Amino acid sequence: MEPDVLVVGAGPGGCATGRALAEAGLRVTVVEEHQRGHHKACGEGVLATTFKSQGFEPGAPYVMGPVDRFSVTVHGSCVYDRMYPDVLGYTVDRSLFDAHMAREAEEAGAKVVFGTSAGGFTATDGVINRIALRSPSGSTHTVRPWIVVGADGIASRVGRAAGLASPLPPSDLAMCIQTIVQGPVDEGHSRIVLGDFAPGGYAWSFARGPRCANVGVGVDTEYARDLRGYLDAFLASQDDLSACTMGELRLLPCPAGGSSHVLRAGTRC
């Protein structure tokens, strides 16, 4: 049976959309090119307002810890540092969080298919009317949904097929390196650091409890050759992170919105 709606991408946005549309009574299929449980490099921070709006429980297994302090440092000067009386948000395990979102969509009646890529789009006047789905075995079949939702990231094939997006130029991308560190961290503290540790981008640390944090650095693409060096320098500069042990390193591009030239020039607040 043809779906009414095809959602391309089973991340949090795609699965939340699939769940809402299935609850509204539509036949929904969500496809994801990666296998279930695939880890996507991510800062893993989720606002408390998102938890409330989606009905999520703060004590769920995918929650690593609450965030009650947020700070921003620019070129060595702290420009914002606030302790929140209520929880600002939570850090999550992205793999577990995505799996939970997929189950939510399935329980609402959506069909979530992993290891299946979408391509071979046929569009008329910007309206996609046919999509070829390729399974892990290499077999393909064509679907003709009424509605197509592109939740497939910054290089969205759906957006390009509909004429709504184009590949981002290197000047609008930051190359990021991300890891999970183990050690005595400042529990509940999420921070953003702009300046020397991340030219054209920023560094971050989101605590995942008292002894773990999600840490990363994103830089302008012209500086990407020394990503590990920038990450090492950032960790060494933070009192609570300098003695931590790094885990697996992950690389990913992130949209910088064309602002990287401003940050690279050293604009100060």
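Contact here means heavy atoms within 4.5 Å. The model is a predicted one, in which local features need pLDDT of at least 70, side-chain atom pairs count only at pLDDT 80 or more, and totals for chains, interfaces and linings use all residues. Residues are numbered from 1 along each chain as its sequence is written, and side-chain values use heavy atoms, with hydrogens and water left out.

With that cut-off in hand, Asp68 is a handy place to start. Setting aside neighbours within four places in sequence, Asp68 is in contact with Arg82, Met83, Tyr84 and Gly188. Asp68 sits in the loop between strand 4 (63–67) and strand 5; helices (H or I, at least four residues) and strands (E, at least two) are DSSP runs, numbered from the N terminus. Its relative accessible area is 27%, so Asp68 is partly exposed; buried means under 20%, exposed over 50%, and partly exposed in between (1.4 Å probe, protein chains only). Asp68 also pairs up across the sequence with Ser190: the two are 122 residues apart along the chain, yet 8.1 Å apart from C-alpha to C-alpha.

Next comes helix 3. This helix covers residues 94–107, 14 residues in total, and reaches 20 Å from its first C-alpha to its last. That is close to the expected 20 Å, the expected span being 1.5 Å times one less than the number of residues. Helix 3 is mostly covered, with ten of its 14 residues buried. The buried set consists of Arg94, Ser95, Phe97, Asp98, Ala99, His100, Met101, Ala102, Glu104 and Ala105. The cover over these residues includes helix 1 (12–23), strand 3 (45–47), strand 7 (89–92) and strand 8 (111–114).

Both ends of helix 3 have something to show. Just after the helix, Gly109 takes a positive phi of about 115°. Gly109 belongs to the loop between helix 3 and strand 8, and its relative accessibility is 55%, so Gly109 counts as exposed. Between Gly109 and Ala24 there are 9.9 Å in space, C-alpha to C-alpha, against 85 residues in sequence.

How do helix 1 and helix 3 pack? Their axes come within 8 Å and cross at roughly 15°. Helix 1 is therefore roughly parallel to helix 3, a label given to angles under 35 degrees, while those over 145 count as roughly antiparallel, 65 to 115 as roughly perpendicular and the rest as oblique. On the helix 1 side, the contact is made by Pro12, Cys15, Ala16 and Arg19, and on the helix 3 side by Arg94, Phe97, Asp98, Met101, Ala102, Glu104 and Ala105. Axes are lines fitted to C-alpha atoms, for helices over the stretch in contact, and angles run from 0 to 180 degrees between N-to-C directions. The crossing is left-handed, which is to say that the near helix is turned anticlockwise from the far one by less than a right angle, clockwise being right-handed.

Two residues other than glycine also have positive phi values. Glu44 has a phi near 70° and lies in the loop between strand 2 (28–32) and strand 3. Its relative accessible area is 2%, so Glu44 is buried. His75 has a positive phi of about 50° and is found in the loop between strand 5 (69–74) and strand 6 (77–83).

Another glutamate, Glu32, belongs to strand 2. Glu32 counts as buried because its relative accessibility is 7%. Beyond neighbours within four places in sequence, Glu32 is in contact with Gly9, Ala10, Gly11, Lys40, Val113, Phe114, Gly115 and Thr116.

Leu164 counts as exposed because its relative accessibility is 73%. Its C-alpha is 8.1 Å from that of Gly126, a residue 38 places away along the chain.

Last up is Asp240, in the loop between helix 5 (227–237) and strand 17 (245–246). Asp240 counts as buried because its relative accessibility is 17%. Apart from neighbours within four places in sequence, Asp240 is in contact with Pro184, Val185, Asp186 and Arg191. With the side chain of Arg191, the side chain of Asp240 makes a polar contact at 2.8 Å. Such a contact is a pair of N or O atoms within 3.5 Å; within protein, one must be able to donate a hydrogen and the other to accept it, and residues adjacent in sequence count only if both atoms are side-chain atoms.
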